[in-house]
Amino acid sequence: MAEKLQFDLVSPERLLFSGEVDMVVVPGAEGDMGIMAGHAPVMSTLRPGIVNVDAAGKPQERIFVRGGFAEVTPKGLTVLAEYSVPLAELDAAALDREISNAQEDVGDARTDAKRQAAQEKLDHLKQLRQVL
Amino acid sequence: MASLKDLRNRIASVKATQKITKAMQMVAAAKLRRAQEAAEAARPYAERMDRVLANLSTGMAGRPDAPALLAGTGKDNVHLVVVATADRGLCGGFNSSIARLARTHIRKLIGEGKTVKIVTVGRKGRDALRRDYGDKIVKSYEFTGIRQIGFQQAEDISRAVLELFEAGEFDVATLFYSKFVNVVSQIPTAQQLIPASLPEGAEGGVDLGGAVYEYEPDETEILKDLLPRNLSVQIFRALLENVAGEFGAKMSAMDSATRNAGDMIKKLNITYNRSRQAMITKELIEIISGAEAL
């Protein structure tokens with residue numbers, strides 16, 4: 001484990017993680033991939049799920065990502081995620097409350113556009129809840 | 001000549017205006033900093049997106065199964081013009097210069113016999129185009145209530161554009177926005193969204209050291225996923241640049257307004273003092289000549 005992998009996690013709004021790590025497990029569209037230094041160049045889309053970041057001497061970091069793709073080059077791994085949030089910031093109880101709120105919103109929505117927006121939010125929250 | 005009281009009122013009102021423009025300038029300066037930070041924070045994502053897209057599409061170019069978002073529909077009869085401006089005025093020529101560029105473009109397209117459809121983002125753009133091309137506006141967006149434009153807003157717009165595209169409503173889409181160069185200079189820019197224009201200089205992309213990318217799922221699938229996302233990113237970037245540009249323009253417009261008000265106050269003060277002096281002199285003359293007559 002001498003070699004380190006350069007790992008960047010970026011969302012459209014900011015750079016979330018950048019640093020050298022030992023291994024990253026990425027939820028690829030066709031299955032999870034463990035990526036370490038010296039991995040062959042790969043490009044893959046992501047399914048909603050957890051990115052596990054392992055670095056020696058540090059606790060494992062778990063980050064939820066949704067929508068995006070991962071790119072491995074000889075220089076390192078870049079994950080472009082449309083939405084991402086560290087799991088540590090999530091709280092199951094709070095999430096459950098939000099899900100029930102969102103469900104009510106879907107029921108209350110008068111227009112199609114509003115219902116669609118509420119439904120999307122609900123799906124998104126459910127995805128989050130699933131991985132917790 | 002205006003009476004002394006009129007002049008005094010006038011000076012007071014210009015002073016009040018100056019206070020307002022000064023405050024607006026300071027607010028714009030604070031917001032500009034935040035907008036610039038947001039634009040900078042979004043840059044890494046957009047850069048990597050460009051690079052990946054360049055990598056993928058060089059391989060795809062010229063292939064018959066290239067997605068329509070990249071290769072176009074093969075026609076250019078119907079054009080979609082997306083005009084992104086600010087929601088508020090009082091920022092110099094910012095909004096009107098974007099609208100002017102868009103209008104020139106639209107006029108040219110109509111002259112060539114093409115059909116034009118317009119999507120406006122921002123209230124000022126809609127107001128400017130409604131008069132001439134009101135019947136061509138298919139959708140309008142406003143962000144008046146939103147403090148900070150996020151990716152969500154860009155996604156909404158790009159989803160709407162994609163829906164129109166998939167329904168075969170247009171062949172070519174162009175985005176008009178203002179490129180933020182620095183505080184005093186914003187350049188109105190036209191950017192082709194569909195078919196996707198490749199970023200210049202990104203050709204070739206990263207050196208893989210002779211290795212070839214492994215695609216998972218295959219290239220076409222990834223590209224299908226990537227191109228809509230790229231559209232959102234392009235729109236997002238344009239929105240952020242616009243916000244930064246708006247506040248930059250507002251800052252310099254308000255700065256010169258404050259300075260103008262200062263000049264005006266100075267001039268009015270001189271007039272006021274002169275007419276006051278003239279009045280005193282006149283009264284003195286009246287008293288003296290009255291005394292002499294006795």
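Is the crossing of H3(B) and H4(B) left-handed or right-handed?

1. The crossing of these two helices, H3(B) and H4(B), is right-handed. It should be kept in mind throughout that the model is predicted. Helix H3 of chain B spans residues 94-111 and helix H4 of chain B spans residues 123-133; the two pack at an angle of about 35 degrees, and their axes are 9 Å apart.

2. On the H3(B) side, the residues that meet H4(B) are B:Asn95, B:Ser96, B:Ile98, B:Ala99, B:Ala102, B:Arg103 and B:Ile106. Their counterparts in H4(B) are B:Lys124, B:Gly125, B:Ala128, B:Leu129, B:Asp132 and B:Tyr133. The residues of this contact comprise 7 nonpolar, 3 polar and 3 charged.

3. Chain B contains an open sheet of 5 strands, in the order S3-S2-S1-S4-S5, with mixed pairing. Its edge strands are S3 (137-141) and S5 (185-194), each of which pairs on one side only. From one strand to the next, the twist averages 20 degrees.

4. Within this sheet, S4(B), residues 172-182, runs antiparallel to S5(B), and 9 bridges join the two. B:Phe176 has B:Ala190 in S5(B) as its bridge partner. Helix H6(B) lies across S1, S4 and S5 of chain B and runs at about 40 degrees to S4(B).

5. The largest nonpolar core has 89 residues. Those with the most contacts inside this core are A:Val24 and A:Val79 from chain A, together with B:Val82, B:Val83, B:Ala84 and B:Phe176 from chain B. H6(B), residues 219-293, gives the most to the core, with 18 residues.

6. Which residues make up the contact between the chains, and how many come from each? Chain A contributes 21 residues and chain B contributes 23 residues. On chain A, strands S5 (42-45), S7 (61-73) and S8 (76-86) each supply at least two residues, and S5(A) gives the most, with 4 residues. The side of chain A that touches chain B divides into 11 nonpolar, 6 polar and 4 charged residues.

7. Strand pairing also links the two chains: S5(A) is joined by 3 bridges to S6(B), residues 214-216, and these strands run parallel. In this pairing, A:Met43 stands opposite B:Tyr215.

Key: Residues numbered from 1 in each chain as written. Chains lettered and ligands numbered in written order. Predicted model: local features only at pLDDT ≥ 70, side-chain atom pairs only at ≥ 80, totals over all residues. Axes fitted to C-alpha atoms, helices over the stretch in contact; angles between N-to-C directions. Left-handed = near helix turned anticlockwise from the far one by under 90°. Contact = placed C-beta atoms within 7 Å. Nonpolar A, V, L, I, M, F, W, Y, C, P; charged D, E, K, R; others polar. Pairing = 2+ DSSP bridges. Core = buried A, V, L, I, M, F, W, Y, C linked by C-beta atoms within 7 Å. Buried ≥ 20, exposed ≤ 12 C-beta atoms within 10 Å, placed from the backbone.
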